[in-house]
Amino acid sequence: MKLMIQIPCYNEAETLRTALDALPKQIEGIDTIEYLIIDDGSEDETAETARAWGVDYVVHFRSNRGLAKGFMAGLDACLRNGADIIVNTDADNQYEGADIEKLVRPIIEGRSDIVIGARPIDEIEDFSPLKKKLQHFGSFIVRKASRTTIPDAPSGFRAYSRDAAMRLNVTNEYTYTLETIVQAGRTKMAMDWVPVRTNKEIRPSRLMKSMMGYIKKSVLTIGHVFMMYKPLHFFVTIGIIIFLCGTAVGMRFLVCYFHGVGSGHVQSLILAAVLLLLGFQTIIVGLLADVIASNRKILEDVQYHVRRMDYDGVRLSKEKQESKEEEPKKENIEKAKPKKENIEKAKPKKENIEKAKPKKENIEKDQQQKKRNCKKAKNKKSEIAKKQKSKKAEAEKQKSPK
C-alpha cells in the first residue's frame with residue numbers, strides 16, 4: 001500500500017523544511033511513503049527547498065491559483081503516481097506530523113474513506129475568542145449540511161482513500177475544506193474524525209488575512225455549498241420567507257381595505273404582489289435547481305468512472321514499464337546462473353557410474369586368471385630350468401673320458 005503526503009505551499013521556504021522533517025518515514029501497514037509539494041506560484045525558493053530535502057514530486061504553478069486549485073492539482077498528481085492513501089497537511093507545521101499514522105489507520109483497516117484531523121479549538125492559544133466561535137459555528141453549519149458529526153470542518157489535516165479522492169470535486173476557489181465534507185456527506189462516503197495535536201504558530205495565517213475578510217469568505221463559501229448540494233432546501237426556504245412576507249403585507253392591506261381605508265394603502269398591495277411573485281419564483285427556481293442537482297449527480301458518477309479508467313490505466317502502464325525494465329535484469333541473472341540442464345549434463349549419470357564400476361564377478365575372474373598365469377609362468381620357469389640342467393649334464397658327460 002502506497003501513501004502520498006501532499007503539502008500545498010505559497011512562499012513557504014522558511015517553514016517548509018520544519019514541516020517536512022516532522023513527517024513520518026514509515027508506518028505499519030504502509031509499504032511506501034512518498035512526498036509531494038504543490039508550489040502555488042511561490043516567489044521564494046519553496047520548490048528548491050523541497051527538492052533539496054528530497055521530496056519525490058513537485059507540482060508547480062506559474063501564478064498563484066489559490067488553496068482549492070492547489071489541493072485538486074495535488075490529488076490529481078497523487079492519483080496518477082499510484083497513491084492508495086493521500087494525506088493533506090499544511091506547510092506551516094501547524095499539525096503534528098506524527099499524527100498522520102492516526103489519520104490513515106481507519107483507512108488501512110477499511111473502516112473509512114475520509115478521515116479528518118480535529119484540532120482542540122478551545123485549547124489553541126493562537127486563536128482569538130471570536131475566531132474560536134466562528135470555527136465552531138462554521139463546523140455546526142457544515143455538520144447540518146453534510147449530515148455528519150465532524151467537529152472541526154475547517155481543518156486541512158485529513159486523509160483520503162484512492163476511491164474517495166477520485167469522487168471529489170471542488171468548485172470554490174477560496175478553500176476546499178468545507179465543500180469536500182458536504183460533498184462526501186451527501187454522497188454517503190464513509191467519513192470519520194480523529195483528535196490531533198497542533199504546534200505553536202510560527203507565522204500568521206495566509207488564508208485569514210483579516211477577521212472580517214475571513215467571515216465574509218466563510219459565509220459565502222457556506223452559502224455556495226448549501227446552494228450546490230441542497231438547492232431545494234436553500235431556495236424553497238428563501239422563497240417561503242419572501243412569500244410569507246408578501247402574505248403579511250397583503251393581509252395588512254386587506255385589513256385596511258375592509259376598514260374602509262384601503263385607498264391610502266395601494267403601496268402595500270403592490271409590495272405584497274411583488275413579494276408573492278418573487279417568493280413563488282424563488283420556489284420554482286429551487287425545484288429547477290434540484291433537477292439540475294440530480295443531473296449533476298449523474299455527471300459526477302460518470303466523471304468518477306472516467307477518472308478511474310484514466311488513473312488506473314496510468315498506474316497499470318507504469319507497472320508494466322517497471323516490469324519491462326526489471327525483465328532484462330532477471331534475464332541477465334538467469335544467464336549468469338548455470339542452467340539445470342547443463343548441470344545435469346555435467347554430472348555423470350548413474351548408468352555410466354554403474355558401468356564404470358567393475359562388477360564383483362569380473363574382479364574374481366581377473367584374480368583367478370592372474371593366479372593361473374602366475375602358475376603357468378612358474379611352471380615354464382621350472383621347465384626351462386630343468387632343460388638347462390639336463391643340457392649341462394649332457395655337456396659334462398661328453399667332456400668326461402669314456
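Which residues of H7 are buried? They are Thr 177, Leu 178, Glu 179, Thr 180, Ile 181, Val 182, Gln 183, Ala 184 and Gly 185, where buried means under 20% relative accessible area, exposed over 50%, and partly exposed in between (1.4 Å probe, protein chains only).

## Basis of the model

This is a predicted model, in which local features need pLDDT of at least 70 and side-chain atom pairs count only at pLDDT 80 or more, while totals for chains, interfaces and linings use all residues. Residues are numbered from 1 along each chain as its sequence is written, and side-chain values use heavy atoms, with hydrogens and water left out.

## Overall composition

The secondary structure of the chain consists of 13 helices and 7 strands. Helices (H or I, at least four residues) and strands (E, at least two) are DSSP runs, numbered from the N terminus. Of the 402 residues in the chain, 39% are buried.

The chain exposes about 25400 Å², and carbon and sulfur atoms supply 57% of this area; accessible areas come from the Shrake-Rupley method with a 1.4 Å probe, and for residues only the protein chains shown count as cover. Among contacts between residues at least 6 apart in sequence, 74% join residues at least 24 apart, a contact being heavy atoms within 4.5 Å.

H7 (177-186) is mostly covered, with 9 of its 10 residues buried. Lys 188 follows H7 and is found in the loop between H7 and strand S7 (191-195). At 66% relative accessibility, Lys 188 counts as exposed.

Phi of Lys 188 is near 65°, a positive value in a residue other than glycine. Asn 11 also has a positive phi, near 55°, and lies in the loop between strand S1 (2-9) and helix H1 (16-21). Most residues other than glycine have a negative phi.

## The largest cavity

The structure holds 2 cavities of 30 Å³ or more. On a 1 Å grid over the protein atoms alone, a cavity is a set of points where a 1.4 Å probe fits but cannot get out, and lining residues have an atom within 4 Å of a point. Grid points are joined across faces, edges and corners, and a volume is the space filled by probe spheres set on the points.

The largest cavity has a volume of about 50 Å³. Its lining is formed by Ile 7, Ala 19, Ala 22, Leu 23, Thr 89, Asp 90, Asn 93, Tyr 95, Gly 97, Ile 100 and Phe 157. By class, this lining has 7 nonpolar, 3 polar and 1 charged residues. Ala, Val, Leu, Ile, Met, Phe, Trp, Tyr, Cys and Pro count as nonpolar, Asp, Glu, Lys and Arg as charged, and the others, Gly among them, as polar.

## The second largest cavity

The largest share, 3 residues, comes from H5.

## Aromatic pairs

There are 5 aromatic pairs in the structure. Rings of Phe, Tyr and Trp (its six-membered ring) pair if their centres lie within 6.5 Å; planes under 30 degrees apart count as stacked, over 60 as edge-to-face and the rest as tilted. Tyr 95 and Phe 157 form a stacked pair, at 4.8 Å centre to centre with 10° between the planes. The pair links distant parts of the chain, 62 residues apart: Tyr 95 is in the loop between strand S4 (85-88) and helix H4 (100-108), and Phe 157 is in the loop between H5 and strand S6 (158-161). Tyr 95 counts as buried at 4% relative accessibility, and Phe 157 is buried at 0%.

Phe 234 and Phe 235 form an edge-to-face pair, at 5.2 Å centre to centre with 90° between the planes. Phe 234 is partly exposed, with a relative accessible area of 23%, whereas Phe 235 is buried at 17%. Phe 71, Tyr 160 and Tyr 176 form one aromatic cluster.

## Asp 99

Asp 99 is placed in the loop between S4 and H4 and is buried, with a relative accessible area of 2%. Leaving aside neighbours within four places in sequence, Asp 99 is in contact with Phe 157, Val 196 and Arg 197.

Definitions and conventions
1 Å grid on protein atoms, 1.4 Å probe; cavity = no way out; pocket = protein on both sides within 12 Å on 5 of 7 lines; lining within 4 Å.
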